[in-house]
Amino acid sequence: IYSSAFLVVMVPHSIITVSLATAILPRLSAHAAAQDHVALGGTLVTTIRTALVVVVPFALLLPLIALPMSQVLWGHGAGADVYQRFEPTIALFGFGVVFFTIHYLTLRGFYALELNRTVFLIQCVIAAVNITAAIVLVGRAGPEETSPMLVLGYTAAYGVGSLLSFSVLARRLGGLQAG
């Protein structure tokens, strides 16, 4: 359930965020090479805002359309009797995708600055939070709640990751105008 729902929920991210990240990376790299941290930060923040214009409404819509979406995608054949199990997972995933989007785009700033070690360390924190949250949450859940609990762990991990990556990059660049 988790992996199937994840693939479906990541479609808007794949179309919008990945396209934006691909488009801005040369510009971010040029700003980094010129040591124009203000321009790099401005480009990055503008891109994050642009992505969130699509991702946030999608995240807010997911709880409302989770059951009908589940029925359309999995309510036939062998899954006809269990498609309802997808609803809570899909409903919760949107919030994690918002955090993932912020983190994903922020990493492009680190890559432009060639700070790959920093990215690695941030990813280690995200993995540790995700594993810890998953163990704690799934350990207290029944089999039918396992997937939603994994989504909550994912959301917690990328909530921490987006906050950490954005604040570390902001400090490295001397601030980011995220108001």
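In which helix is the place of leucine 67? In this predicted model, leucine 67 is placed in helix H2. The relative accessible area of leucine 67 is 31%, so the residue is partly exposed. Leucine 67 and glycine 142 are 75 residues apart along the chain, and their C-alpha atoms are separated by 20 Å.

The chain as a whole contains five helices and zero strands. Its pattern, read along the sequence, is α-α-α-α-α. Taken along the principal axes, the box filled by the C-alpha atoms is roughly 60 × 30 × 25 Å. Of the 179 residues in the chain, 42% are buried.

Two packed helices are described by the angle between their axes and the distance between the axes. For helix H1, which covers residues 2–33, and H2, the axes come within 8 Å and the crossing angle is roughly 170 degrees. Angles over 145 degrees count as roughly antiparallel, and H1 and H2 are therefore roughly antiparallel to each other. The contact of H1 with H2 has 20 nonpolar, six polar and one charged residues.

Helix H2, residues 37–74, also holds leucine 60. The relative accessibility of leucine 60 is 54%, and the residue therefore counts as exposed, the cut-off for this class being over 50%. Together with Val56 and Phe95, Leu60 forms a nonpolar patch on the surface. The accessible area of these three residues together is about 250 Å².

Most residues other than glycine have a negative phi. Glutamine 35 has a positive phi, near 55 degrees, and is a residue other than glycine. Glutamine 35 is located in the loop between H1 and H2. With a relative accessibility of 65%, glutamine 35 counts as exposed. A positive phi is also found in glutamate 114, where the value is about 60 degrees although the residue is not a glycine. Glutamate 114 is situated in the loop that lies between helix H3 (86–112) and helix H4 (116–139). Its relative accessibility is 69%, so glutamate 114 counts as exposed.

The structure holds one salt bridge. The partners are glutamate 144 and arginine 85, whose closest N and O atoms are 3.1 Å apart. This pair links distant parts of the chain, as the two residues are 59 residues apart. Glutamate 144 belongs to the loop between H4 and H5, and arginine 85 to the loop between H2 and H3. Glutamate 144 has a relative accessible area of 49% and is therefore partly exposed. For arginine 85 the relative accessible area is 39%, which means that arginine 85 is partly exposed.

In helix H5, residues 146–173, serine 167 was considered. Serine 167 has a relative accessible area of 36%, so this residue is partly exposed. Along the chain, serine 167 and alanine 21 are 146 residues apart, and the separation of their C-alpha atoms is 19 Å.

Note on methods:
Residues numbered from 1 in each chain as written. Predicted model: local features only at pLDDT ≥ 70, side-chain atom pairs only at ≥ 80, totals over all residues. Heavy atoms only, no water. Patch = residues over 30% accessible without salt bridge, like charges linked within 9 Å, V, L, I, M, F, W, Y side chains within 5 Å. Areas by Shrake-Rupley, 256 points an atom, 1.4 Å probe, with all protein chains shown as cover. Salt bridge = Lys/Arg side-chain N within 4 Å of Asp/Glu carboxyl O. Helix = DSSP H or I, 4+ residues; strand = E, 2+ residues; numbered from the N terminus. Buried < 20%, exposed > 50% of the residue type's maximum accessible area, 1.4 Å probe, protein only. Axes fitted to C-alpha atoms, helices over the stretch in contact; angles between N-to-C directions. Parallel < 35°, antiparallel > 145°, perpendicular 65-115°, else oblique. Nonpolar A, V, L, I, M, F, W, Y, C, P; charged D, E, K, R; others polar.
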